[in-house]
Amino acid sequence: MPELPEVETVRRTLKTLIIGKEIEKVEIYYDKIITGDANEFARKLKGQIFCDIDRIGKYLIFILDQDAIISHLRMEGKYNFYQHDMPQTKHEHLAFYFTDGSKLAYFDIRKFGRLQLASNRNYRYELPLKKLGPEPKEADSKKIYERMHKSSLPIKSLLLDQSIMSGIGNIYANEICFRAGLHPETKGLDLSQKRVAEVIKIASEILAESIELGGTTIHSFEANGNTGKFQNKLQVHGQEICPNCGGKIKKIKVGGRGTYYCPNCQLKNK
């Protein structure tokens with residue numbers, strides 16, 4: 001699933017390609033990709049211009065001159081831009097056709113992604129965005145500590161809770177726990193305020209590093225055909241040998257999610 005760095009990479013890429021373009025028509029080939037009425041979605045967007053692209057957590061927000069589109073890529077969603085019209089291809093479920101003859105197409109092998117119309121002024125206060133917690137770089141460590149310290153859930157699960165902090169998914173949660181020297185099953189209530197502050201700082205650093213490298217490409221992530229490079233910097237996720245101690249990386253399930261950690265470097269009571 002694209003996480004904050006991957007979605008930010010998509011945002012930056014698309015901003016160079018579609019800002020200022022006017023929508024001639026919208027073709028929707030799979031109605032369920034739209035939250036709400038698909039026909040109304042296509043009708044309202046005709047004639048509108050892409051003015052900007054925002055991002056909140058893992059959500060892309062396309063800001064038009066009258067409305068906004070909230071887009072969540074989920075597991076396999078991706079956008080491709082074409083300078084000229086291209087016939088619909090496999091797994092293409094929606095296409096924005098522009099008045100200059102170019103096209104922005106949305107692809108999704110698993111069909112889990114969603115797009116919905118929202119206010120271009122108040123989208124931050126609409127569902128699902130208003131339920132999101134702050135991103136790590138904007139998080140108040142005291143407030144995050146107060147949320148985590150009340151919970152008996154493991155830190156790995158708390159990092160994935162988008163209502164506490166937004167943007168972190170499975171890959172980065174594993175990397176954050178490793179760099180912090182935290183066992184992924186450490187309970188939130190066992191963390192000190194200082195430890196939580198350290199985790200937030202590390203989360204911010206890792207996400208920033210990944211953004212600089214265009215995100216992580218393990219299976220299928222790409223931004224208009226370009227893949228990320230942060231997978232080459234992963235220290236624990238998908239790895240076999242710990243870069244710190246040389247021991248064997250172990251894989252377990254935490255909250256149903258595949259979790260990589262080093263039994264030597266990440267102790268439960270550390």
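## Helix α1 against helix α6

Helix α1 crosses helix α6 in the right-handed sense. This is a predicted model. The axes of α1 and α6 lie 9 Å apart, and the two helices pack at about 40 degrees. The pair therefore counts as oblique.

Which residues make this contact? On the α1 side they are Leu-4, Pro-5, Glu-6, Glu-8, Thr-9 and Arg-12. On the α6 side they are Leu-207, Ser-210 and Ile-211.

## Helix α5 against helix α6

Helix α6 also meets α5. Their axes come within 9 Å and cross at roughly 125 degrees. That angle makes α5 oblique to α6. The crossing of α5 past α6 is right-handed. From α5, the contact uses Tyr-172, Glu-175, Ile-176, Arg-179 and Ala-180. From α6, the residues include Arg-195, Val-199, Ile-202, Ala-203 and Glu-209.

A salt bridge joins the side chains of Arg-179 and Glu-209, at 3.0 Å from N to O. It links distant parts of the chain: Arg-179 belongs to α5 (residues 170-180) and Glu-209 to α6 (residues 193-212), 30 residues apart. Are these two residues buried or partly exposed? Arg-179 has a relative accessible area of 32%, so it is partly exposed. Glu-209 is at 32% relative accessibility, so it too counts as partly exposed.

## The sheet

Four strands form an open sheet with antiparallel pairing, in the order β1-β6-β7-β5. The edges are β1 (23-28) and β5 (78-82). Each has a single partner strand, so one side of each is left without a neighbour in the sheet. On average, neighbouring strands are turned by 15 degrees against each other, direction ignored.

Strands β6 (residues 92-98) and β7 (residues 103-107) pair over five bridges, in the antiparallel sense. Within this pairing, Glu-92 stands opposite Phe-107 of β7. Glu-92 also forms a salt bridge with Lys-103, with the closest N and O atoms 2.9 Å apart. This bridge links distant parts of the chain, from Glu-92 in β6 to Lys-103 in β7, 11 residues apart. Both Glu-92 and Lys-103 are buried.

## Helices on the sheet

Helix α1 (residues 4-18) lies across β5, β6 and β7. Its direction runs at about 25 degrees to β5. Helix α2 (residues 38-45) packs on the sheet as well, touching β1 and β6. The direction of α2 makes about 165 degrees with that of β1.

Side chains of opposite charge can pair when their charged atoms come close. How many salt bridges does a search of the whole structure find? The search finds 15.

One of them joins Arg-55 to Glu-8, with the closest N and O atoms 2.8 Å apart. Distant parts of the chain are linked here: Arg-55 sits in strand β2 (residues 50-56) and Glu-8 in helix α1, 47 residues apart. Both Arg-55 and Glu-8 are buried. The two residues also belong to a network of salt bridges, together with Arg-11, Arg-12 and Glu-135.

Definitions and conventions:
Residues numbered from 1 in each chain as written. Predicted model: local features only at pLDDT ≥ 70, side-chain atom pairs only at ≥ 80, totals over all residues. Heavy atoms only, no water. Pairing = 2+ DSSP bridges. Axes fitted to C-alpha atoms, helices over the stretch in contact; angles between N-to-C directions. Contact = heavy atoms within 4.5 Å. Salt bridge = Lys/Arg side-chain N within 4 Å of Asp/Glu carboxyl O. Buried < 20%, exposed > 50% of the residue type's maximum accessible area, 1.4 Å probe, protein only. Parallel < 35°, antiparallel > 145°, perpendicular 65-115°, else oblique. Left-handed = near helix turned anticlockwise from the far one by under 90°.
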